[in-house]
Amino acid sequence: MKILKDKVAKLSFVALLITVTAAMFYVPTASAHGEKSQAAFMRMRTIHWFDLNWSKEEVPVNDTMTISGKFYVFQGWPETVDKPEVSFLNVGIPGPVFIRVGSWVGGQLVPRSISLELGETYEFKVLLKARRPGDWHVHAMMNVQGGGPIIGPGKWVTITGSMASFVNPITTLTGETLDLETYNLGNTYFWHGLWYSIGLLWLVYWARKPMFVPRSIAVEAGKADSLISATDKKVAMGFAAGTIAIIAFSMASTNEKFPITTPLQAGLLRGMKTIEMPAKTVSVKIEDATYRVPGRAMQMTMTITNNGDSGVRLGEFNTAGVRFLDPEVSVDESGYPDDLLAEEGLTVSDNSPIAPGQSRTVQVTASDAAWEVYRLADLIYDPDSRFAGLLFFYDEAGNRQMVTVDAPLIPSFI
Amino acid sequence: MSASQSAVRSRAEAVKASRTFDWLILFTVFFVVLGGYHIHYMLTGGDWDFWTDWKDRRLWVTVAPIVSITFPAAVQACLWYRYRLPFGAVVCVLGLLLGEWVNRYLNFWGWTYFPVNFCFPSNLMPGAIVLDAILMLTGSVTVTAVVGGLAWGLLFYPGNWPIIAPLHVPVEYNGMMMTLADLQGYHYVRTGTPEYIRMVEKGTLRTFGKDVAPVSAFFSGFVSIIIYFLWHFFGKWFAQTTFISSESL
């Protein structure tokens with residue numbers, strides 16, 4: 001039995017050593033943000049990001065770039081996610097590798113939370129200033145209270161240079177210009193250092209005398225009162241009085257040095273400006289939709305009715321940031337991330353222009369490995385197995401029109 | 001050597017052994033308290049202590065002292081009743097602050113690059129010194145709880161004001177007024193901490209206009225009194241020796 005126990009102990013030790021060694025020598029970069037793990041219905045049926053643009057792919061430290069575009073707050077917002085009545089426009093980056101110099105929704109600065117309306121489309125822009133060198137996946141992102149982070153498409157951006165040269169100059173309303181990166185650091189270290197030293201002095205005062213064994217014996221013997229001397233009491237009074245005096249002095253001197261201070265600013269911004277989208281002249285009815293698991297393809301049967309005065313063709317299906325394009329109708333020229341772009345991923349059984357007043361039922365197939373790579377196929381395991389997305393139609397003059405779709409999805413395993 | 005014989009042969013050896021024992025216990029207490037108190041404070045005080053844009057005049061002032069008087073009260077009870085040592089609160093805060101600074105410097109700054117001037121810990125030392133001094137001078141739990149607990153709450157904000165005041169200077173930023181602390185929270189992106197999570201400036205305490213910090217501090221002090229009593233008795237209960245039979249002593 002003992003031999004067995006020894007062996008188990010020895011093997012456990014060896015396993016622990018191997019694990020520790022492996023952890024030390026194999027440290028892969030964690031570079032994504034879990035966007036693929038987020039429930040597919042969350043990505044498909046909440047915030048639809050489109051027309052996204054990352055202004056640069058390489059930025060030196062201290063230089064700026066923007067992420068801009070539009071997002072549609074889906075009308076069929078799922079019941080299982082809180083509505084975006086309190087939301088915050090964020091960016092998905094691994095910590096402050098950029099600083100957020102500005103963010104705007106509908107042209108308004110949004111440093112605070114905002115209220116969004118279902119069924120509305122908003123324009124946004126985030127201005128970022130490069131801070132830490134490296135290759136970073138930069139996402140648009142919307143945090144929704146009660147719903148969590150809803151991460152949008154991401155693109156790799158490289159920051160070059162040295163973080164040591166990063167500066168963040170700010171001019172206050174009192175006229176002082178400072179570097180927010182290092183401002184107040186010396187003051188913070190000073191006060192923490194001072195108070196820590198005073199605390200240590202108090203501890204050292206008691207620790208220099210015998211502590212536990214003799215004092216315990218004395219207390220047990222009923223001589224506890226003899227353990228505190230008159231000097232101890234004087235020292236304690238000195239420490240207490242000194243503490244109060246330092247606080248009074250430091251408060252007064254701080255108020256003198258900073259006569260103008262304001263409370264932290266908080267609050268919800270309502271009434272964000274929306275985009276007036278072109279009036280819809282195309283209507284779409286989804287007859288059925290299936291996801292063919294072996295083929296990584298979603299097939300929709302839809303009836304398209306053109307109520308406009310120009311023929312239209314379907315050019316793009318956009319869901320969860322993945323864009324399926326029919327290259328004969330729509331070509332991406334924005335530098336959209338390759339992994340999210342299926343340039344030839346959209347097939348329409350008959351994509352000739354639908355004439356004004358005409359209705360046509362067509363088979364639309366959106367196929368690409370992105371269904372698996374981005375785990376959108378996991379939709380079939382979600383509590384609300386409906387898909388949703390944006391369809392973009394183009395008329396003969398090249399004008400674009402957006403139509404939303406929202407329907408049940410049936411998986412096909414054969 | 002039989003069990004009844006002493007392990008030391010002279011008074012000098014006894015003193016040396018006793019001092020060695022002192023340092024061993026102090027070292028152990030310091031790091032055990034550091035770990036326990038740090039986890040407790042991060043779970044209960046959390047973001048209020050992490051970020052400058054959470055250190056407001058209402059909720060931070062209220063919450064931080066209430067959740068931080070716990071371990072000092074308990075450790076005081078143990079050290080005072082067993083050893084008449086009046087440094088329970090200070091040793092707790094020394095441990096907590098060391099743990100916090102290590103965490104903020106190595107993790108927040110070293111690992112995720114949040115500037116230290118944005119994520120430094122709150123200063124709890126003034127309240128701890130006064131709490132220990134009152135216990136020592138009065139020897140009374142009731143007085144320590146009432147006077148010391150109140151002082152713990154009242155001294156928190158002024159003890160931190162010299163550190164945070166420079167960050168409350170206003171800035172005009174793209175047409176909005178913010179404090180420098182707000183701007184830090186906006187600039188240094190926290191993907192998992194959206195603005196709406198911040199619990200600052202909330203509540204109905206509007207009658208006192210801008211002078212709300214003292215009222216919050218008084219409220220915090222009152223609740224700290226209750227929490228002091230509660231945790232003092234926890235500490236006293238944990239410090240009893242009835243768990244060990246007399247034969248094994």
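1. In this predicted model, 68% of the contacts in chain A with a separation of 6 or more are between residues 24 or more positions apart. Six helices and 23 strands are found in chain A.

2. As to overall dimensions, the radius of gyration of chain A is 31 Å, whereas a compact globule of 414 residues would have one near 22 Å. Along the principal axes, the C-alpha atoms of chain A occupy a box of roughly 100 × 80 × 45 Å. Of the 414 residues in chain A, 49% are buried.

3. The contact between the two chains draws 94 residues from chain A and 88 residues from chain B. Together, chain A and chain B bury about 7,900 Å², with 70% of this on carbon and sulfur atoms. Three residues, H192(A), F212(A) and L264(A), provide 11% of the area that chain A buries against chain B, more than any other three residues.

4. How many salt bridges are counted between chain A and chain B? The count is one; a salt bridge joins the side chains of E220(A) and R82(B), at 3.2 Å from N to O. Polar contacts across this interface amount to 37 residue pairs, with both residues at pLDDT 80 or more.

5. Several elements of chain A give two or more residues to the side that touches chain B, among them β9 (134-144), α4 (212-220) and α5 (230-257). The most comes from α3(A), with 15 residues. By class, this side of chain A comprises 54 nonpolar, 28 polar and twelve charged residues.

Terms used. Residues numbered from 1 in each chain as written. Chains lettered and ligands numbered in written order. Heavy atoms only, no water. Contact = heavy atoms within 4.5 Å. Buried area = accessible area lost by both parts, 1.4 Å probe. Salt bridge = Lys/Arg side-chain N within 4 Å of Asp/Glu carboxyl O. Polar contact = N/O pair within 3.5 Å; in protein donor to acceptor, adjacent residues only side chain to side chain. Helix = DSSP H or I, 4+ residues; strand = E, 2+ residues; numbered from the N terminus. Nonpolar A, V, L, I, M, F, W, Y, C, P; charged D, E, K, R; others polar. Rg over C-alpha atoms; globule rule 2.2 N^0.38 Å. Buried < 20%, exposed > 50% of the residue type's maximum accessible area, 1.4 Å probe, protein only.
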